[in-house]
Amino acid sequence: TVILPSLSSQHASGDAKAFSHTLDWALRTAMLIAIPACAGLIIVAGPIVTTLFGYGEFSVADIEMTTISVAAYALGLPAFVAIKVIAPSFFARQDAVTPVRISLIAMGANVVMNLGFVATMVHLDYPAPHAGLALSSSFAAYLNAGLLYRAMRRSNSYTPGAGWGVYVLRVAFALAMMVTALYFVPSDWIGVDLSAVDRATHLAGVLVMAGLAWFGGLLLVGWRFSELARSESAIS
């Protein structure tokens with residue numbers, strides 16, 4: 001939503017360099033949120049489900065089955081976000097055909113994976129075969145995002161900017177910091193015996209701690225909040 005007006009203006013003016021710069025900035029910024037959210041949601045899926053739904057007729061078994069699905073969906077979060085970032089770049093170039101064509105390919109792959117994953121899990125007696133539906137959606141999202149990225153590169157509309165190697169190393173370090181912090185949280189820190197207020201309070205505290213560990217890790221390896229701002233070359 002934020003980058004579409006800039007991308008449209010840059011494409012209309014023929015400023016290919018600024019177009020690529022804006023998309024590059026958007027991808028880096030979006031991944032700073034999507035990657036830790038993905039890892040955090042997988043790790044604390046159980047406490048989140050327990051806090052939101054673990055009341056009344058929603059049993060412990062229901063919590064366990066839902067947690068598996070949430071974790072499987074969370075695995076695809078970076079891809080879901082990447083699609084929302086890359087797709088507007090096609091619309092800015094008045095190309096609605098390519099993202100629709102790619103989404104149909106991903107949808108077809110999703111159907112095939114649905115059948116394959118669920119059938120395989122049932123055959124292996126996996127206790128939560130329904131997770132295959134969520135897992136196939138995540139994999140299909142990565143296929144969708146990958147095809148969108150390839151199409152954008154092939155059209156010469158996007159060239160990754162300098163510094164992606166350093167960016168990946170910073171993200172990996174911060175992610176390790178966050179995961180390590182969450183690892184030391186006791187596994188039974190939220191249970192159905194707690195009140196809704198206590199669950200929410202405990203969950204909020206752990207999420208704040210994880211966020212501090214994430215951004216603290218980024219700052220330790222040289223990242224600065226100023227990098228969230230687009231430079232003039234990206235919006236000219």
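Guide: In this predicted model, helix α3 passes α4 in a right-handed crossing. On the α3 side, the contact is made by A45, G46, V49 and T50; on the α4 side, I63, T66, T67, V70 and A71 take part. Sorted by class, this contact of α3 with α4 comprises five nonpolar and four polar residues, and no charged residues. As for the geometry, α4 spans residues 60-74, and the axes of α3 and α4 come within 9 Å and cross at roughly 125 degrees. An angle over 145 degrees would count as roughly antiparallel; α3 and α4 are therefore oblique to each other.

Helix α3, residues 45-53, packs against α9 at an angle of about 150 degrees, with the two axes 9 Å apart. The cut-off for roughly antiparallel is over 145 degrees, and α3 and α9 are therefore roughly antiparallel to each other. The crossing of α3 past α9 is left-handed. From α3, P47, I48, T50 and T51 make the contact, and from α9 the residues are R199, A200 and L203. By class, this contact of α3 with α9 has four nonpolar residues, two polar and one charged.

Helix α9 leads on to a pocket. Together with α2 (16-43) and α8 (164-183), α9 (196-220) supplies at least two residues of the lining of the second largest pocket. Helix α2 gives the most to this lining, with six residues. In total, 15 residues line the second largest pocket, and P36, A37, M178, L207 and G211 lie nearest its centre. Its lining has 13 nonpolar residues and two polar ones, with no charged residues. The volume of this second largest pocket is about 210 Å³.

Finally, the wider setting may be given. The protein has 10 helices and zero strands, so that read along the sequence its pattern is α-α-α-α-α-α-α-α-α-α. Taken along the principal axes, the C-alpha atoms of the protein fill a box of roughly 60 × 45 × 30 Å.

Note on methods: Residues numbered from 1 in each chain as written. Predicted model: local features only at pLDDT ≥ 70, side-chain atom pairs only at ≥ 80, totals over all residues. Heavy atoms only, no water. 1 Å grid on protein atoms, 1.4 Å probe; cavity = no way out; pocket = protein on both sides within 12 Å on 5 of 7 lines; lining within 4 Å. Points joined across faces, edges and corners; volume = space filled by probe spheres on them. Helix = DSSP H or I, 4+ residues; strand = E, 2+ residues; numbered from the N terminus. Nonpolar A, V, L, I, M, F, W, Y, C, P; charged D, E, K, R; others polar. Axes fitted to C-alpha atoms, helices over the stretch in contact; angles between N-to-C directions. Parallel < 35°, antiparallel > 145°, perpendicular 65-115°, else oblique. Left-handed = near helix turned anticlockwise from the far one by under 90°. Contact = heavy atoms within 4.5 Å.
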